[in-house]
Amino acid sequence: MNKHIKYIFSFYLIVISFAFAFEDPLVWKSQFLKHYEKPLNVYYLTGSPASYIMYQENKELFRLETRFADLAYQRSYDPRATQLYRADFSAFRQINERSFFSATISYDEYNQRDVFASMEKDFYDDYFSMIDSTLGNTKYYGPQLQIMYNVKLAEHLFFGVEGNYGVERSLKDTFPKTITIMRNSGYRAGLDYRTQSLTIGVHGRYYDDQTYYEAVKSYSDVKTKTYMGYNVFYNELARSSVKKKRIRNGVEYGGHLGFSPGTNVSGNFSISGLQRLSRAERTGSTIKPRGLWQRKGIHMLGNLNIYPDGLIAGRLYADYLHYTDWGKSLISNALVIENEEMYSRFGAMLIYKPSMIQQAYVGAEAGKVAYDYTEYVFPFQNIRSGLEWKLYTGANMYLSSKTRLIFDLAYEHEIPKFYWDTDSFDNTSIIINLEQSLAFGYIGLNFEYIQKKPANNVETIDILSCGLSFRQK
Amino acid sequence: MMKIKKLYQILPFSLWLIMTSCFLSESKPEIVDGNLTINLRFTVLSEEDSTIVLPVADLPVKVYTNNYNIPPMFDITDDSGFVHFEHLPYAYYVVEAFTIIRPNEYEEIEVVGAKSLNLTVDSLGTDIAYTDTLLMEQSKSGLKINEIYTAGPPNNIQYFYDQFYELYNGMSETVYLDGMIFLRLTWTALFADTLSVTYIYQFPGQALTGREYPVEPGEFVVLAMNAFDHNLIGPLAGKTVDLSHADWEFYNNIEAAAYDNPNVPNITTNNGRVSQSSKVDFMVGLTGDALALCNGSDYDQMDGIDINTVVDCVEFSAISHHRKAVPYSIEASWAGIGMSKYAGQSLERIRPGFDTNSSGIDFIIINAPTPGYHHE
């Protein structure tokens with residue numbers, strides 16, 4: 001059973017990691033609430049491939065997923081609705097006693113409906129986003145490949161490396177049309193010294209994202225504008241074809257420490273430095289640089305697992321992320337944007353585990369967020385902060401000897417950034433996973449529903465996900 | 001031993017990852033955009049003594065940029081003629097000031113102070129203040145090319161045959177179009193004394209002395225490429241202009257099956273007096289070209305048209321780095337920067353007949369053509 005649980009871990013990890021291949025997030029999203037059946041491994045905090053757990057057998061996984069989002073409440077350049085279709089196949093291979101290899105290949109199709117003007121997949125993800133004179137539906141599609149290698153170099157010494165590579169194309173199916181080609185690669189490496197009671201390691205990540213855009217309006221002009229932040233835009237020269245290139249590079253580097261002095265208590269702590277540089281330019285017969293922005297930050301997180309042999313276990317966790325941005329216009333070579341953000345949270349989870357295979361949990365977390373955003377081209381400043389909190393519960397139970405049910409329920413209060421035009425969101429989410437054991441493997445049905453309700457509007461954002469997975473026994 | 005060796009190979013890699021962060025670092029600029037100040041002083045020559053300049057007080061001044069979506073700024077000069085605009089981004093600006101000066105009870109003088117300012121880092125460097133004195137000039141009154149509509153209506157069938165030009169008589173006297181020529185220009189040396197010509201069309205009548213085709217003071221005259229109601233073309237219905245009542249229509253005598261509205265008099269070419277090799281109608285570049293109205297005393301284009309015969313000239317281009325085509329002596333800049341094709345946009349003077357011989361200042365882009373009248 002222990003191996004069974006580990007295998008479920010690996011399944012989630014792979015899914016989580018490849019999902020990031022097209023959009024490199026600033027930080028690894030820690031999974032504090034996952035895998036409550038046992039103490040949390042340091043991998044869930046850092047994503048270091050050296051901390052990945054090796055398996056003694058070969059396996060394959062296959063998964064289909066769809067995700068629909070209805071954005072009745074939306075920002076100016078958000079799509080009205082989105083649809084995601086994804087298929088992926090993962091293979092795990094034990095090369096020898098000391099090394100392990102996994103590979104995942106996937107194919108995505110992501111549709112955005114009724115996108116107003118934005119040439120970007122996510123307009124709000126960059127300070128120098130471009131819009132054109134389009135309104136229509138955009139289709140993004142492409143394959144992604146992820147590989148991971150993990151080796152035990154010496155007694156207690158582990159090394160892991162992971163690479164992601166994705167190529168994505170898009171087409172806005174209207175007149176005029178916008179074409180995007182995105183090539184994205186990311187690499188992680190880690191080195192762990194691991195004993196029974198202590199883990200010390202370093203980890204690093206580098207990613208490179210190159211995106212080419214071309215807006216074409218046959219017979220007439222496409223009117224493009226480059227935003228300098230979220231309020232002021234620079235009017236590009238109207239012409240029948242406009243090309244843009246965005247280059248984004250980032251690194252994350254740090255160290256982590258894990259301890260397990262006794263059998264009941266264990267903990268992990270990680271600290272990382274973050275850095276990102278993003279540059280946007282109009283291309284064509286002459287290159288016209290438009291903007292450059294830099295982000296630097298620090299991310300600290302840790303958890304404490306208290307898992308005695310009895311029925312009750314507990315987990316405490318904390319997370320702190322702080323970063324500062326500045327952006328300069330490459331038209332004026334002057335500072336145009338400054339931004340500072342801070343997120344902190346502290347959480348506690350209580351787990352009831354009547355058996356190795358059945359658990360239930362309840363927990364809460366709270367934290368502070370603070371945003372300080374300034375634009376200089378036309379003076380604008382927004383400072384806001386607030387308390388975010390979340391209540392959650394869930395269970396992992398066997399309905400019969402071959403049918404397993406996992407469910408999670410959460411209610412969350414979120415403080416969004418100013419461009420959402422609301423003071424807060426109240427989010428409700430429910431996740432139901434049903435897994436059936438068959439003679440040839442496991443078939444899983446996954447269902448997830450999230451509703452985000454803004455404080456000042458009756459319209460909501462609704463996200464519905466459905467998945468079908470098969471994994472070998 | 002082998003394992004230690006592997007470790008030595010891995011450690012430099014880890015260090016490299018950390019070092020990479022240094023290469024991803026850029027220095028934060030010291031200059032902040034949006035901190036620019038424009039200090040302007042408006043002056044006018046004294047009526048009594050033209051060697052003396054006087055400050056213009058209480059003058060409404062407008063400063064705007066087409067680079068950004070920031071609103072135009074307005075202010076009024078103080079007693080010393082000074083006005084200040086603060087917290088501006090680096091950009092190209094247009095300054096406009098207009099007023100009517102009354103030197104005595106029975107006289108009014110229309111004066112303008114206008115200038116295009118290149119206030120980018122390339123021109124200003126690290127300075128955050130720009131100071132200038134603008135001498136206000138009287139707008140040159142006369143027969144002017146007042147509107148140029150060439151960019152086409154909103155459509156995706158490449159339709160631009162609704163082009164027209166509008167003349168305006170800003171004089172206090174009647175002027176006569178007899179024998180005048182209307183030109184499409186090609187590149188001319190910027191200090192030349194003759195103009196190179198692509199198209200040449202001529203009004204009927206005797207140049208200079210003819211009195212058959214008058215234009216009254218304050219009157220608009222519409223010259224249409226094709227004088228019919230272009231809204232009758234299905235996809236253009238409601239999007240373009242009715243030119244069936246234009247005052248004049250261009251007509252090339254050697255164009256096969258050329259459209260000719262019998263109710264509208266023609267401005268002609270290849271008519272026995274002026275000639276051109278082109279067999280097409282008076283079609284010009286949608287968002288870039290140069291036009292001239294000349295008095296017709298020189299109509300032999302083989303050796304160029306004498307620059308002294310020019311009544312008015314306008315150069316326009318949507319491109320800010322456009323290669324200038326017309327000598328500075330008759331046109332100091334060009335209009336239409338940022339104009340779009342097939343969007344129904346038109347170029348018109350900011351006031352009827354407003355002319356400083358710098359079209360970049362005199363003209364603005366309007367969102368719909370206004371044949372025979374001026375925009376609001």
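I'll start with a sheet in chain B: five strands, open, in the order 4-3-6-7-9, with antiparallel pairing. Strand 4, residues 73–76, and strand 9, residues 137–138, stand at the edges of that sheet in chain B. Each of these two has a single partner strand, so one side of each is left without a neighbour in the sheet. Keep in mind that this is a predicted model.

Staying in the sheet, take strands 6 and 7 of chain B. Strand 6 covers residues 91–104, strand 7 covers residues 107–119, and the two run antiparallel, joined by 12 bridges. One residue pair to look at there is B:Asn104, whose bridge partner in strand 7 is B:Glu107.

Now chain B as a whole. The secondary structure comes to 24 strands and three helices. Along the principal axes, the C-alpha atoms fill a box of roughly 105 × 60 × 45 Å. As for burial, 39% of the 376 residues in chain B count as buried.

What about contacts along the sequence? If we take contacts in chain B between residues at least 6 apart, 64% of them join residues at least 24 apart.

Last, the other chain. How many residues of chain A are in contact with chain B? There are 40, and they meet 39 residues of chain B. On the chain A side, the residues that touch chain B divide by class into 27 nonpolar, 10 polar and three charged.

Methods. Residues numbered from 1 in each chain as written. Chains lettered and ligands numbered in written order. Predicted model: local features only at pLDDT ≥ 70, side-chain atom pairs only at ≥ 80, totals over all residues. Contact = placed C-beta atoms within 7 Å. Nonpolar A, V, L, I, M, F, W, Y, C, P; charged D, E, K, R; others polar. Helix = DSSP H or I, 4+ residues; strand = E, 2+ residues; numbered from the N terminus. Buried ≥ 20, exposed ≤ 12 C-beta atoms within 10 Å, placed from the backbone. Pairing = 2+ DSSP bridges.
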